[in-house]
Amino acid sequence: MCGIMGYVGHRSALPILLDGLRRLEYRGYDSAGVAVLNDGHIEVRKTAGKLAQLTEITSGPGLLHGTVGIGHTRWATHGLPTDANAHPHSDCGGRVVVIHNGIIENFLPLKEELQARGHTFRSDTDTEVIAHLIEEELYGHEQPGTGEPPRPLRGLGAERGNAETRRSGSLRITNHESQVTLEEAVRRAVQQTRGAYAIVVLCSDQPDRIVAVRQISPLIIGLGKGETILASDIPALLSHTRDVLVIEDGEMAVMTASGATVERLDGATVAKQPLRITWDAEMAEKGGYPHFMLKEIHEQPRALQETMMGRLDAPGAPELDGVSYSPEFVRGLRKLWITACGTAYHAGLVGRWVVEHWAKIPVEPELASELRYRDALIDPQTLTVAISQSGETADTLAAAREARKRGTRLAAITNVVGSTLSREADDVLYVRAGPEIAVASSKAYITMLVALQMLALDLAVRRGTVTPPRVAHIIQAMKALPGKAQEVLQRESEVASLAARLADREHMFFIGRGLDYAVAQEGSLKLKEISYLHSEALAAGELKHGTLALVTPGVPVFALVTQRHVYEKTLSNIQEVKARGGLVIAVAYDRDTEITKHTEVVLRIPDTLDDLAPVLAIIPLQLFAYYVARERGNDIDQPRNLAKSVTVE
Ligand code: M6R
């Protein structure tokens, strides 16, 4: 979703803003803009399209010496992705500019009221109402007859023909030198709005500060030496500082070059301790790979290793830092709910299997966007596991909160320290994947799988549903996973050749049973989101109940066959596909010699316990999706229409 940057300090703000926005590009966007304070005026540049276009229209000396500024990449919700709708948005007088991530639900009635009072709007966005509301709080509103025209805005309007330089119809600025502080004006303005958002405001009359408010959408403030930097996500700050303040819902921050003060919107002061981020800037760079996604796929062995580090060293049970449920709670557990979106949900499907299999607790995985509106029978004897790489996905947070209201204990599995989900949960299991920049999730997924396996094992040990030798055996097999993942990656060229052969197809299918079905769903999503091919995952036994009608000669069908207890059943499904001329590509263990009797195209993975197989079986499918997308010339790290972190409903 939208990327947000802000800078107050001693350096030129523009390059810092552009660099930060570039590091947030992975969140997905369709327009971009900056506002920089220059000699007492705010200069705005904004454009539809990518940062390359913004860089072009900001080049030249004009904006370079301003040391205070804000920047934004927009993912359209209200209004088309046009120049006019790009952020920042300004008030009538051009003295207040606003950037915003999220949605102002009551923007229409507010806009109508503001227009009736003489404000002129230049965009279709919900954001613009905030700039006008703040303008009124600072300078007053229409007082017909006082005669003072609003000051024209320098910058974008004149050069680009947008109606930024104008005379507003009936608006009269009544108070040129506002007695109201910017923070007070912002507070009063946001109190008139409803919605989920992060808002950042700059005012030319109070040029030493940036004011930011968080109401659900994430905001982080980095504390540097003589400079303070604001961003919507950690990677944008890493090259400047690793000491951050995480702004919480309902809080407002006032940033100056010497730091930031935080208070609640009701005026109460908040004492915040900075958090130290352990990721370094290099981890958020491509490191010689052509795409972040390929780099992240290759980082999986290390990510697995780090996620297990220190947690599987004791022989008898996992030691899960951040998980503190009591033995009595675990013994009394009647059910686990798992909730998440997209890839994280697919990880949850694997979680269901291992928790039921090892800990013998019934598990219900549910998509967060469904769970939040379901009359789900969640009670205090349940544990709800919310899974989210970012820890900021709006639906996942809403589902987790809803579950919490019903009395559940909330456990979070997330990658981002200090994320909203991590702060709201009773138990937090960090996956330690490091920054995941590509929109298509890979290393976060695989680390979620081992996190869920560790959680399942922990529950099983506490409930006495697995014997000590079995626990030791599982732990040993888990510890071997990073090395085996590395072996799968060494077979990358085979997958790349297969992708080159199949890249021109329009439909593909993925089938499997049990855990193989869970992996099939993730393999299919990966392919869809970056290759733009149509694909579908099916429980292998379901094929003959309808979708088999779409299997015609040459249609590729990936068949996962790692689950021994249903192996022969899946072989029968492979035969159903072959009988219709479909091209079967199996994903099978090295030890599986039988499979070659059924198909010659086999993507191999090293042998492991069937319960752990998803961690290895997904890797060739991630690589396949990546190479198909590359063959088709797609924007792999930022696929069309998608955003990394979906912070709106
Ligand atoms: O940050 P989250 O894990 O909560 O994100 C959830 C989904 O939006 C995410 O997994 C999405 O499906 C990925 N783009 C898939 O690769």
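With which side chain does the side chain of Arg372 make a polar contact at 2.6 Å?

1. Basis of the note. This is a predicted model, in which local features need pLDDT of at least 70 and side-chain atom pairs count only at pLDDT 80 or more, while totals for chains, interfaces and linings use all residues. Residues are numbered from 1 along each chain as its sequence is written, and side-chain values use heavy atoms, with hydrogens and water left out.

2. Polar contacts of Arg372. The partner at 2.6 Å is the side chain of Asp395. The side chain of Tyr373 also makes a polar contact with that of Arg372, at 3.4 Å. A polar contact is a pair of N or O atoms within 3.5 Å; within protein, one must be able to donate a hydrogen and the other to accept it, and residues adjacent in sequence count only if both atoms are side-chain atoms.

3. With a relative accessibility of 18%, Arg372 counts as buried (under 20% relative accessible area; exposed is over 50%, partly exposed in between; 1.4 Å probe, protein chains only). Beyond its neighbours within four places in sequence, Arg372 is in contact (heavy atoms within 4.5 Å) with residues including Ala394, Ala398 and Glu649.

4. Cysteines. The structure holds zero disulfides, a disulfide being a pair of cysteine sulfur atoms within 2.5 Å. For Cys2, the nearest cysteine sulfur belongs to Cys341, 18 Å away. Cys2 is buried at 6% relative accessible area, and Cys92 is buried at 1%.
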